[in-house]
Amino acid sequence: METSSLKNRVYVVLGLLVFVLIIIFLMPARWFGMTDPTQNIEKKKQDLHVIQNLGEGDLNADTDGDGIKNWEEILRGTNPNIKDSPVVDTAVASSSLYTTLSKDDTLNDENNLTAQFSKNAYTLSTYLGGNNVTDDTLLNNLSQGLIDGEIQKLLIKRYSTIDIKTTNDESIKSVKNYGNILGSYIRNSFKTILSIDENTILDNYNKTKNTKDLEGIKTKIDSLDELQNNLRKMIVPTPLLNNHLTILNFANSYENVLKNIYSIENDPIRALAGYQALNTTFSYFLTSAYSFVDLFNKNNISFGANEGGYIFNSVK
């Protein structure tokens, strides 16, 4: 069974990678509904260091502050590092490609990693192809820079002490009351979380491409969101604050990973990044929950079978 499960996971990852590769090479043409209109345009070459520097940064930025994004300037033939630089190639600036890229809402959605990567990769390949740049090392570095730039957008907000209500009451009664409330929330959430396997869901989706097969992941997302809301409302004894923040942040991280995976239909690059972080994030989330077992043992606190905190006894 373990071998079969491992094979299924490998197939899912390979399927996602193939899907991303197809997007990189085919999506621009399909999205734009055209071939590259600049192929037969004689362009004046800009300094190559301009495009190299942008490849390591963000093409959506406006480096020279002239109100025109860097990728737009590249297609227009202007220098993204020089404010109000003259149009080098008016044919490109007036082309249907430039117009489409500038107005397409999907391509300009900065939260869609696949859209941004595809647009930026297409922009770079158009420029480099027009200037007969064929250096494989340079092309690979530029592509990796684009991917790394998009993955950085996956960084999430972390909760801090200012998000939690605390109490200075450190009595056994106060700590035990906290444990009972926390245990009830964790038990209810884990009933849902542990009953749904993301790998099975992705295996089915990979076969059917039916978004209804992803509903199990959405159920997990809702459960984790509810857990976080409950954790934020709790009053936490000060000595337990660090543990409380840890499980809250890992619940948030796990939810965000699942949200990334859930976006697989419209944003496969985001989904792939989520899938790669899935096992590690889930492991940290479980560990943060189990940490309370040692914490309550250290404080000589045990729970009865009918109490919410009994979950912390039963996993010893």
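I began with the salt bridge in which the side chains of Glu307 and Lys176 meet at 3.6 Å, N to O. I counted a salt bridge where a side-chain nitrogen of Lys or Arg is within 4 Å of a carboxyl oxygen of Asp or Glu. Glu307 lies in the loop between α12 and α13 (311-314) and Lys176 in helix α8, so the pair ties together parts that are 131 residues apart in sequence.

I note that this is a predicted model: local features need pLDDT of at least 70, side-chain atom pairs count only at pLDDT 80 or more, and totals for chains, interfaces and linings use all residues. Residues are numbered from 1 along each chain as its sequence is written, and side-chain values use heavy atoms, with hydrogens and water left out.

I then looked up accessibility, taking buried as under 20% relative accessible area, exposed as over 50% and partly exposed as in between (1.4 Å probe, protein chains only). Glu307 is partly exposed at 26%, and Lys176 is partly exposed at 26%.

**Lys220 and helix α10**

I found a second salt bridge between the side chains of Lys220 and Glu198, at 2.8 Å, N to O. Lys220 lies in helix α10 and Glu198 in helix α9, so the pair joins parts 22 residues apart in sequence. Both Lys220 and Glu198 are buried.

The charged end of Lys220 also sits over the ring of Phe282, 5.7 Å from its centre. For this I required NZ of Lys or CZ of Arg within 6 Å of the ring centre and within 35 degrees of the ring normal.

I checked the length of α10 (residues 215-233): at 1.5 Å a residue its 19 residues should span 27 Å, and the end C-alpha atoms are 27 Å apart, which agrees. The expected span is 1.5 Å times one less than the number of residues. Helices are DSSP runs (H or I, at least four residues), numbered from the N terminus. The buried residues of α10 pack against α8 (172-193), α9 (198-208), α11 (241-262) and α12 (268-298), with contact meaning heavy atoms within 4.5 Å.

**Aromatic pairs**

I recorded 10 aromatic pairs in the structure. Rings of Phe, Tyr and Trp (its six-membered ring) pair if their centres lie within 6.5 Å; planes under 30 degrees apart count as stacked, over 60 as edge-to-face and the rest as tilted. Tyr178 and Phe292 form a tilted pair, 6.3 Å centre to centre with 45° between the planes. Tyr178 is in helix α8 and Phe292 in helix α12, 114 residues apart. Both Tyr178 and Phe292 are buried.

Note on methods:
Helix = DSSP H or I, 4+ residues; strand = E, 2+ residues; numbered from the N terminus.
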